[in-house]
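Here is a protein chain to explore together, one question at a time. Have a look at it first, then read on.

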Amino acid sequence: MSVERIKCLIIGSGPAGYTAAIYASRADLKPVMYTGMEPGGQLTTTTEVDNFPGYPEGIDGPTMMVQLQKQAERFGTEVRIGMITKVEFSSEIGGIHKAVVDNTTEIEAETVIISTGATARYLGLPSEQKLRGGGVSACAVCDGFFYKKQNVAIVGGGDTAAEEATYLANICEHVTMLVRKDEMRASKAMQHRVNSRKNITVLYNTEVDEVLGEQVVEGLRMINNETKEISEIEITGLFIAIGHKPNTDIFKGQLEMDDTGYIITEAKSTKTAKPGVFASGDVQDKEYRQAITAAGSGCMAALDAERYLASIEEEVEA
């Protein structure tokens, strides 16, 4: 297996990864980025991005990612299509971290920035997958604006679903909330917030049978999982809020994670438990999960990596 030695390895290519690459390359860390299976990350599945500062007319997700890539490359980032399949992180300050690409090449890196993101969980229905981007969304905060004064539905019973239902109720005509069990998992405060809104209807023991519509969402066929009764409603948007899965499987046993697999970082930094390994974006953020917050933490990761390398050089000189 061929071995290559680099200063900074960036794993993942969403807003966090590309922002880290821009800062790291400007700091002369000569970063090498591996894009992973979904180059550009979750934003490539979003048609309109209207809430990223600096785009008064909005921009579509894939275009934005291409622009971020060009900006990173302009300063010297080497963007490679490929998948990191195995890692071995050193516990020593100044230690070398090893990563295997597509089971064929080994990279030795002085610093590693992880920005592999998280993947939204979907229901897995063919009709739902067909209409992703045509009215089916996993982010109400991102896409809710497009359904102003319209009827929408949201699936989920946790805090995120309750929060997004309340958010949608502020801008949509009516929100139907589908909860699979006979009660919500959300906290009492969040449940109260939902129940106090006149334009939210909560349907318990209810699941999606099929998303209706050819090109765009036109309605929803639902099934009561107790009575097996089928019903339909007319909607233009369906929001799935049943959680996210952080893309951290290859880091298990190497880094500290919470019980759902999000990488734990030191407060107000991107530092992980391993010196020289940093995590940014949705892989360590289950609270905000926005392109702009991911980009911000990508900037932090590059600055943390630069300062880490500088501190090691000072130690060597001393």
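**A guided tour**

Asn103 lies in the loop that joins β7 (97-101) to β8 (105-114). Keep in mind that this is a predicted model.

Q: What is the phi of Asn103, roughly, in the loop between β7 and β8?
A: Asn103 is not a glycine, and yet its phi is positive. The value for Asn103 is about 60°.

Q: Is Asn103 buried or exposed?
A: A residue counts as exposed when its relative accessible area is over 50%. Asn103 has a relative accessible area of 58%, so Asn103 is exposed.

Q: Is Arg289 buried or exposed?
A: Arg289 sits in the loop between β19 (277-279) and α7, and it has a positive phi of about 50° although it is not a glycine. Buried means under 20% relative accessible area. Arg289 has 18% relative accessibility, so it counts as buried.

Q: Which element gives the most residues to the largest nonpolar core?
A: The largest nonpolar core has 28 residues, and those with the most contacts inside it are Ile10, Tyr18, Met64 and Ile113. Two or more residues come from each of β1 (2-11), α1 (15-26), α2 (61-74) and α7 (291-317). With 8 residues, the element that gives the most to this core is α7.

Q: How many residues are in the other core, the one that includes Ala161 and Met177?
A: This core lies apart from the largest one. Ala161, Ala162, Leu168 and Met177 are among its members. Its residues number 22.

Q: Which residues does Ile10 touch, leaving out those up to four places away in sequence?
A: Ile10 is one of the residues with the most contacts inside the largest nonpolar core. Leaving out those sequence neighbours, Ile10 touches Gly17, Ala20, Ala21, Pro31, Val32, Met33, Tyr34, Ile113 and Ser115.

Q: Are α1 and α2 roughly parallel or roughly antiparallel to each other?
A: The axes of α1 and α2 come within 9 Å and cross at roughly 20°. Angles under 35 degrees count as roughly parallel. The two helices, α1 and α2, are therefore roughly parallel.

Q: Which residues of α2 make the contact with α1?
A: The crossing of these two helices is left-handed. On the α1 side, the contact is made by Pro15, Tyr18, Ala21, Ile22 and Ser25. On the α2 side, it is made by Met65, Leu68, Gln69, Gln71 and Ala72.

Q: Which residue in β13 stands opposite Val175?
A: An open sheet of 5 strands has the order β10-β17-β11-β12-β13, with parallel pairing. Its edge strands are β10 (136-137) and β13 (200-203), each of which pairs on one side only. Strand β12 (residues 174-178) pairs with β13 in the parallel sense over 4 bridges. Opposite Val175 stands Ile200.

Q: What is the bridge partner of Leu220 in β16?
A: An open sheet of 3 strands has the order β14-β15-β16, with antiparallel pairing, and its twist averages 30° from one strand to the next. Strand β15 (residues 219-224) and β16 pair in the antiparallel sense over 5 bridges. The partner of Leu220 is Ile233.

Methods:
Residues are numbered from 1 along each chain as its sequence is written. This is a predicted model: local features need pLDDT of at least 70, side-chain atom pairs count only at pLDDT 80 or more; totals for chains, interfaces and linings use all residues. Side-chain values use heavy atoms; hydrogens and water are left out. Two strands pair if DSSP finds at least two bridges between them. A nonpolar core is a set of buried Ala, Val, Leu, Ile, Met, Phe, Trp, Tyr and Cys residues joined through side-chain atoms within 4.5 Å. Buried means under 20% relative accessible area, exposed over 50%, partly exposed in between (1.4 Å probe, protein chains only). Contact means heavy atoms within 4.5 Å. Axes are lines fitted to C-alpha atoms, for helices over the stretch in contact, and angles run from 0 to 180 degrees between N-to-C directions. Angles under 35 degrees count as roughly parallel, over 145 as roughly antiparallel, 65 to 115 as roughly perpendicular and the rest as oblique. A crossing is left-handed if the near helix is turned anticlockwise from the far one by less than a right angle, and right-handed if clockwise.
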